[in-house]
Amino acid sequence: MPYQDVEAVSRDDLRGLQTDRLRETVRNAYENVPFYRERLEEADVAPDDIDSLDDIRELPFTTKEDFREEYPDGLFAVDHSDIERIHASSGTTGKSKIVAYTDKDMQVWREVMARSLVAAGVTPDDIVQNAYGYGLFTGGLGVQTGTEELGAGIIPIGGGDTDRQIEFMQDLESDALTCTPSYALYLAETAREQGVDVRELPLETVIIGAEPFTEPMREEIEHELGVTAVDIYGLSEIIGPGIAMECAAAQDGLHIWEDRFLPEVVDPETGEPVDDGERGELVLTTLSKDALPVLRYRTGDITSLTREPCDCGRTHARMENVRGRTDDLLVVRGINVYPSQIESVVLDLEGVAPQYRIDIRREGQLDTLELTIERRENADAEAVERRVRETLDSTLDVSPDDVKIASPAGIERQATGKVQRVYDHR
Ligand code: DLL
């Protein structure tokens, strides 16, 4: 395994490395970012106070709102003259979160992305068809740099243009495809409609990420495309894709590249750490970012950690596949509902395809919840509806007011990017 030295290092050695890098990160933030200087002084922490990893609990959290308030470059620790790249991630509201990289940061990104591709089973002999969007989104260019670093070939096709994706996959014999899980499903459907059996093609691996997906969706992607589908995680504020990667060898959680990013999982309400194995909000600290050091970033992503060794030999902590976000919570008629609860119940049912949408409306004083589910090709719509209703009635505190069954591929697809599953019209 290339990169074995750092990825299979003993946990003791790893902790030593992380502590040194944490101290330098705090120093960089303290000395070069007025925002952090103020926060650290309020918390009464100086860089040299960092003697062990436990000291991280003394550090302040950073939030999405901090990025917005410090727009455009209040969190940068370097002058514009030292910046090599800028990306941005747009939320549904407010200003973009602007992120910057020095030449050295770009090298780190290249390295963690190359390591992620290796863990996914990609080799320097392979051709990677990169269907993540290029531009300010970190997906396209992140995969690009990592593929170049690994020495594999890349087709920088970007998102969309599905007919050409299928044509290239056939004619150029791509070994790996990188895209969102919803796009992988869309591509599978389009290929089927065109009478192309992707299972017969050389494609072996699909690297899915940038949005949540369920196990039934992964199984569908694997089955329809005849591939191994592995999960890649990342977010712009920390670096982009390549923070954590599931290994193809075990497909059992995503290895967080802990020499570069320090993970914690905290109770979203109290901010207190939870034990390994318990779910909470993922909090990440960069350990070697010069342009944009980030302390204890509240990602909003719900997961759990394990530090048990993996069958693949890597010692870095693994995170569970992200199924939901802290801000996913829907309050319907005063009752808390997470879309992931509905999803995990419904998508396991017979005759149900892994596509759904939830619409919440307010009619007069009353909230209503409408669930649209797609049925499989030969499934009977009435039987599917009955099954969905019965299952939800017995498992959820709020039953949907309306369950609609769409025909196969009947729910609107986006050709690129991330898919929206919840529409809150209130
Ligand atoms: O989505 C970076 C990325 C690109 C990751 C390509 C993987 C592949 P942002 O646009 O900043 O960055 O969005 C980050 O997307 O906080 C999660 O909520 C979600 N997300 C990213 N990867 C996964 C994943 C990119 N594997 C936000 N599973 C994160 C679930 C994911 N959610």
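In this predicted model, the side chains of Arg 37 and Glu 41 meet in a salt bridge, with a nitrogen-to-oxygen distance of 3.6 Å. Both residues belong to helix α3, which covers residues 34-42, and they stand 4 residues apart, or about one turn of the helix. Arg 37 is partly exposed, its relative accessible area being 32%, and Glu 41 is likewise partly exposed, at 46%. Side chains of opposite charge can pair when their charged atoms come close.

A search of the whole structure finds 40 salt bridges, and the table sets out three of them.

| Pair | Distance, N to O |
|---|---|
| Arg 37 and Glu 41 | 3.6 Å |
| Lys 97 and Glu 237 | 3.2 Å |
| Arg 192 and Glu 224 | 3.2 Å |

The salt bridge between Lys 97 and Glu 237 joins a strand to a loop: Lys 97 lies in strand β2 (residues 97-101), while Glu 237 lies in the loop between β7 (228-235) and β8 (240-246), so the pair ties together parts that are 140 residues apart in sequence. Are these two residues buried or exposed? Both Lys 97 and Glu 237 are buried.

The salt bridge between Arg 192 and Glu 224 links two helices, because Arg 192 sits in helix α8 (residues 181-193) and Glu 224 in helix α9 (residues 215-225), and the pair therefore ties together parts that are 32 residues apart in sequence. Arg 192 counts as partly exposed, with a relative accessibility of 43%, whereas Glu 224 has a relative accessibility of 18% and so counts as buried, the cut-off for that class being under 20%.

Salt bridges in this model also form a network, in which Glu 7, Glu 111, Arg 115, Asp 259, Arg 260 and Arg 314 are linked.

Which residues of helix α7 (residues 162-171) are buried? They are Thr 162, Gln 165, Ile 166 and Met 169. When one looks down the axis of α7, these buried residues fall within an arc of 95 degrees, which means that they line one face of the helix. Just after α7, the backbone at Glu 173 takes a positive phi of about 55 degrees.

Key
Residues numbered from 1 in each chain as written. Predicted model: local features only at pLDDT ≥ 70, side-chain atom pairs only at ≥ 80, totals over all residues. Heavy atoms only, no water. Salt bridge = Lys/Arg side-chain N within 4 Å of Asp/Glu carboxyl O. Buried < 20%, exposed > 50% of the residue type's maximum accessible area, 1.4 Å probe, protein only. Arc of directions from axis to C-beta.
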